[in-house]
Amino acid sequence: MRKFIPVLSLIIGLSLVLAACGAPVATQPPATQPPATQPAATAGGPTDTPAPTANPNAVITFWSWVPHIEDQVAEWNTLHPDMQVNYVNSGGGNANYTKFKVALQANTGIPDVIQIEYQHLPSYIAQGVLLDLSGYGANDVKSQFIPWTWSQVSQGTGVYAYPQDAGPMVMFCNTAVLDKYAITAPTTWDEFAADAAKIHAADKTVYLSNFTADQGWFFGMLWQSGAQPFIVNGENITINFTSPEATRVAKFWGDLIKSGNLSPVDTYTNDWNTALGNGTYACWEAGAWGTFISGSSPDYKGKWKIFQMPQWTAGDKANGNYGGSTIAVTKATAHPKEAAAFAQWLTTDPKVNMEVTAADKAALFPVTTGVLSNPDWANGTDDFWSGQAIHQVMATAAQEVNVNFGWSPFTDFVYTTYADELTQVKAGSISFEQAMQDMQTKVVQYAKDQGFTVTTP
């Protein structure tokens, strides 16, 4: 019988437990740090999801941390007076998962519906605590979602959550800094390395970018490279941190760290926030939610622009994801039909989907094709971002995210192990490539200890 250690989110440090959106602070977690860029969208439309049969005894508890999501809960409650949803702000990051872990262990106080980030969803699927939504009409709305997000919530024939938001990676650049050093935004990683050297050689106080310890960022880079660290099929798992696609990411960033051409200041710190505002950094690679940095550099209004991620091969169109979450229903619910209906409505209703993208509300990055193609969302421009229609850039980035990337059922262990290895890389005691070899050894052993059947390269 497989032993399994329940998940506990280990998103590292930097006070990454704030859940406010749209605020100009640099200490928010990627999963709760959506864009703060466009005026509130107000497009409406009738719901596409039929209401289930009214159940006067159904009171559904919903745990989430998304700012202003209680507005959508209130809408549901108005539409369904006999099937009320009780919203609980469970806190972002560790708080949500700690509370869920305690409830599961006590077998009491378990929510009916819960928000879970993509990287942690496989842990709960493996524990068998989530309802398979394929029996509640999930596949009927599959075509409404970007394909890669649907693959994130599915295993085999089962569907264990609905995607709610994402963080397709893009590159934010201060064109005033780039222009000063006669550089255009790099389109390949080779150009990125050359530009980093050029800028720092011209001014030792200025950098093209920085390197972050954030695990979500690094795994987004692996994702964009085409690496597949994990392929999970029930209790069988393939683990590969030493593929050419993973190794080139480690070597690239390891070489840049050693060169001194990257700032050593970690992302989301006060020093990083200051550097964005004074022109010390030219670019930042992050999820589409990263537009909150507009609050860090008001003096550069009209100078920042958003670009697609640099590619490993010129002309390619490959991308990764950094951040985002899902809406799942627990097996413990006494009202599976009603809970499943609410989860589907929250993630597919056209009016709701537009509302949660509003900059002054939840400001989530959408994952349904309907919103991504909606002119009210796609065509808006922003003065801070040089009048650019940034949502069009982001929508393109979202469509190019690799569909084949998957997470392990033990992200907490993987993230902790990566953090330990990275400490040694930054200290210069091991190479980044060696860190990937160590990850391979340690994660394989851990998976075997949990009872998984492991395949390696």
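**Exercise 1.** Leaving aside its neighbours within four places in sequence, find which residues S90 is in contact with.

*Solution.* Take contact as heavy atoms within 4.5 Å. With that cut-off, S90 touches W63, S64, W65, A95, N96 and K99. Before going on, note that this is a predicted model, where local features need pLDDT of at least 70, side-chain atom pairs count only at pLDDT 80 or more, and totals for chains, interfaces and linings use all residues. Residues are numbered from 1 along each chain as its sequence is written, and side-chain values use heavy atoms, leaving out hydrogens and water.

**Exercise 2.** Work out where S90 is placed and whether S90 counts as buried or exposed.

*Solution.* First, look in the loop between β2 (83-89) and α2 (94-106): S90 is there. Next, check accessibility: buried means under 20% relative accessible area, exposed over 50% (1.4 Å probe, protein chains only). S90 has 0% relative accessibility, so S90 counts as buried.

**Exercise 3.** Classify the aromatic pair of W289 and Y322.

*Solution.* Start with the rule: rings of Phe, Tyr and Trp (its six-membered ring) pair if their centres lie within 6.5 Å, and planes under 30 degrees apart count as stacked, over 60 as edge-to-face and the rest as tilted. The whole structure holds 54 aromatic pairs. For W289 and Y322, the centres are 5.0 Å apart and the planes 70 degrees, making the pair edge-to-face. Now place them: W289 is in the loop between β9 (283-287) and β10 (304-307) and Y322 is in strand β11 (residues 321-329), so the pair ties together parts 33 residues apart in sequence. Finally, both W289 and Y322 are buried.

Methods:
Helices (H or I, at least four residues) and strands (E, at least two) are DSSP runs, numbered from the N terminus.
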